[in-house]
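User: I'd like to learn how to read a structure like this one. Please start with the surface, then take the fold, a pocket and the disulfides.

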Amino acid sequence: MNMPSTLAAAGANRYVRMLLALLAAALILTGLAAAGPAPAASATAKPSSKAKTEQEEVKEIQRRLVVHGYPVTVDGSYGARTLYAVQDFQRDHGLAPTGFVHDFAPTGFDTNTTFFALLAPPAKKPSRTPTRLTNTQAVSRLRAAGVTWHASNNGCMDKDKRGCTSFTDILAPTLDLAIDLKKRSGCDVTVTGGTEAGHNAGSRSHSEGYKIDIRPNPCIDKFITSHMFRGPDRGNDPRWLTHSAEYVLEHPKNGGPVHWDIKYTL
């Protein structure tokens, strides 16, 4: 092959490739110019219609939880407090406490599902007095659940003596608050006060079976303050709430030991 002819052909090929590259670049620039400048990003992104719908669904769930006595803030945010309230509701109604509401509504917000049917506004029910327990019955339940108890008066369990820790005539759901706390938290739970003499009087007091005291510890303190709804303080003592109870970290004015004062509220 003639060398000059080969070089000439190579040069021609390079020239053709350069022309094609320039033509492609020109077409790209022409397309960008025709499209105009890209729209500026909005300073404040607006939620999509789907996000708005989901937020309204959460608000509806929260409104119904409040009606049923599960204290949550109706803000459309499915945060930790709402999650815990949903789990409590599911647990109380025999459902798996998953915290997920659409397990029962695969197509979306469906008021005909099991969860939402249960969460419908409750019908008024006749008041019913909770069962009262004997001291022996209460001790048996606590022992079976792994809950311990302590009395400052040498283990005394006489209801009529100060310094004892008695469970005579305590309401079953009040005792269950301590047992449930043990089961759910996995923490050590020690009861330090029941129905014995020496507590403040009242219709929903210790002596009436509505209150039970437990000893604070880092594990139980963390569980209560992170899983319950923060309510208004009771005097100078911080208070947390659930749909059926209040938990007050009480600092006795007489200088007694700090304890969790737990009251059954239904």
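Analyst: Accessible areas come from the Shrake-Rupley method with a 1.4 Å probe; for residues, only the protein chains shown count as cover. Here the accessible surface of the protein is about 16,000 Å², and carbon and sulfur atoms hold 57% of that. This is a predicted model: local features need pLDDT of at least 70, side-chain atom pairs count only at pLDDT 80 or more, and totals for chains, interfaces and linings use all residues. Residues are numbered from 1 along each chain as its sequence is written, and side-chain values use heavy atoms, with hydrogens and water left out.

User: What percentage of the residues count as buried?

Analyst: Buried means under 20% relative accessible area, exposed over 50%, and partly exposed in between (1.4 Å probe, protein chains only). Of the 266 residues of this protein, 35% are buried.

User: How many helices and strands are there?

Analyst: Helices (H or I, at least four residues) and strands (E, at least two) are DSSP runs, numbered from the N terminus. This protein has 7 helices and 7 strands. From the N terminus, the order is α-α-α-α-α-β-α-β-β-α-β-β-β-β.

User: Now pockets. Which residues lie nearest the centre of the second largest pocket?

Analyst: Rolling a probe the size of a water molecule over the atoms shows where empty space is left. On a 1 Å grid over the protein atoms alone, a pocket is an open set of points where a 1.4 Å probe fits, with protein on both sides within 12 Å along at least five of seven lines; lining residues have an atom within 4 Å of a point. For the second largest pocket, Gly198, His199, Asp213, Pro252 and His259 lie nearest the centre, among 34 lining residues. The elements giving two or more residues to this lining are β2 (190-193), β3 (211-214) and β7 (259-264).

User: How many disulfides are there?

Analyst: A disulfide is a pair of cysteine sulfur atoms within 2.5 Å. The count is 2. Cys156 pairs with Cys164, S to S 1.9 Å. The torsion about their S-S bond is about 80°, so this disulfide is right-handed. Both Cys156 and Cys164 are buried.

User: What is the handedness of the disulfide of Cys187 and Cys219?

Analyst: Its S-S torsion is about -70°, so the disulfide of Cys187 and Cys219 is left-handed. The pair links distant parts of the chain, 32 residues apart: Cys187 is in the loop between α6 (172-185) and β2, Cys219 in helix α7 (residues 218-227). Cys187 has 2% relative accessibility, so Cys187 counts as buried. Cys219, at 38%, counts as partly exposed.
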